[in-house]
Every structure is written in structure tokens, then in C-alpha cells.
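Please read them with the structure open.

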Amino acid sequence: MLKIENLKKCYKNHIIFNQLSLTINDGDLIYIHGINGSGKSTLFKIICGITNQNDGIIIKDGNTHIGALIENPGFLENETIKFNLKFLSSLKNNYNEDKIIELCQLFHLDFFDKSKIKNFSLGMRQKVGIIQAIMEDQNLILLDEPTRGLDQQAIDSFCQLIINLHSQGKTIIIASHDYMTKLPFDKHYNLDNGSLKEE
């Protein structure tokens, strides 16, 4: 469960959120629509603890394990897919190579490719970013504009992956300006003028 109460965030004199509240139940698949600059990435950063809010509270279950793709995924640019994903998952001693290889195959990536990530296209980087957000069996998954740079085949693979994760009881929040009609969202929200409204 994730509960946000009366969240306020300002940058200088610009108010991003003002009294924003949201309750997400375990196993929910949630869609947040918002134009670029509406605060989607900032909201996810606050939930992850990367950025602090000015006011309000965030309540998460004690067993919450967050996986997130926020803005442009950052990697060790001079290393391979394998090195990056192994390094990231080993930070919490939760490295499952077979699972990571399976996820790479889903997105038509070669886990053993010797190419450096800095040479990857936007779409390839996005695929690796999605993989790192779910590869450790995270139970709260935050995906910010996840289909950016993906071709139709990869979007279809992404949608099937989300459906599978949802069926496993994962809590998933997707924020995007693109509507994803193939996904069975439990709730739709619109982020506009610093507040969330259920659609």
C-alpha cells in the first residue's frame, strides 16, 4: 500500500504540487496522465526518496521494494548490458541471471553483447531501463514514460510484461502523456495544475 497525503512541492516560486493526495492498494495497476512538465517525474522521485517534498507525508508498507524508471535511465556508459544489470542487482544481493536473460530476450536484447551502453539507441536504453526496474522482483514499480523510444513490437512486449506482472500481484504505476489502451488499468488519474483527479 502507498498513501500520499497533502503533498506539496515547490521549486523557487513555482508550485509543482499543492495538497496532492493519492492512495494505491496492493496489486493496483494505475495510470497517471500528464503533459510534459506536469510533475510526473517529480512525484516518482518523491515516492522513491530521491527528492524531498516541502510538506505532506508518504506512507509505504514496511516490505515495499521499489523498482523505478524515471526520466532518462542512467548507466555506466562504458560498460555492457551484462555489467550494468549485474552491478545494479548486486547492490542488494539479488542477482538472478536467468531471469535477466529472459527479460532481455523479451525485448530482443543480447545480454552477452559486448557493446557499450553509450552506443545504444534511445529505444535500447529504454528497454534496459525497464528491465532494471523489475528484475529484482520489486513489488512497487514506477514507470515514467516507459514507451519512449520504443517501436511497436517493443511496446507490445512491454504491455504483455505489465499484464503478467499485474497478474502476479505487483503494484504498478505508469505515468505518461501517451494513453495505453491495451493495459487493464484499475484507475486512471490526470495530473494537472498540481493536483490529481480520477478520470
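1. Buried here means under 20% relative accessible area, exposed means over 50%, and partly exposed lies in between (1.4 Å probe, protein chains only). On that scale Cys10 is partly exposed, at a relative accessible area of 21%. Cys104, with a relative accessible area of 0%, is buried.

2. The model is a predicted one: local features need pLDDT of at least 70, side-chain atom pairs count only at pLDDT 80 or more, and totals for chains, interfaces and linings use all residues. Numbering starts from 1 along each chain as its sequence is written, and side-chain values use heavy atoms, with hydrogens and water left out.

3. How many disulfides are there? If a disulfide is taken as a pair of cysteine sulfur atoms within 2.5 Å, the count is 0. Cys104 is in no disulfide, and the nearest cysteine sulfur to it, that of Cys159, is 19 Å away.

4. Helices (H or I, at least four residues) and strands (E, at least two) are DSSP runs, numbered from the N terminus. Helix H2 (residues 81–90) packs with helix H4 (residues 122–134) at an angle of about 25°, the axes being 10 Å apart. The axes are lines fitted to C-alpha atoms, for helices over the stretch in contact, and angles run from 0 to 180 degrees between N-to-C directions. H2 is therefore roughly parallel to H4; the cut-offs are under 35 degrees for roughly parallel, over 145 for roughly antiparallel and 65 to 115 for roughly perpendicular, with the rest oblique.

5. Which residues make the contact between H2 and H4? Taking contact as heavy atoms within 4.5 Å, H2 contributes Ile81, Leu85 and Leu88, while H4 contributes Val128, Ile131 and Gln132.

6. Lys12 is not a glycine but has a positive phi of about 55°. Lys12 sits in the loop between strand S1 (2–11) and strand S2 (14–24) and is exposed, at 85% relative accessibility. Asp137, also a residue other than glycine, has a positive phi near 60°. Asp137 is in the loop between H4 and strand S6 (140–144) and is partly exposed, with a relative accessible area of 45%.

7. Ser41 belongs to helix H1 (residues 40–48) and is buried, at 17% relative accessibility. Leaving aside residues up to four places away in sequence, Ser41 touches Ile70, Glu71 and Asp144.
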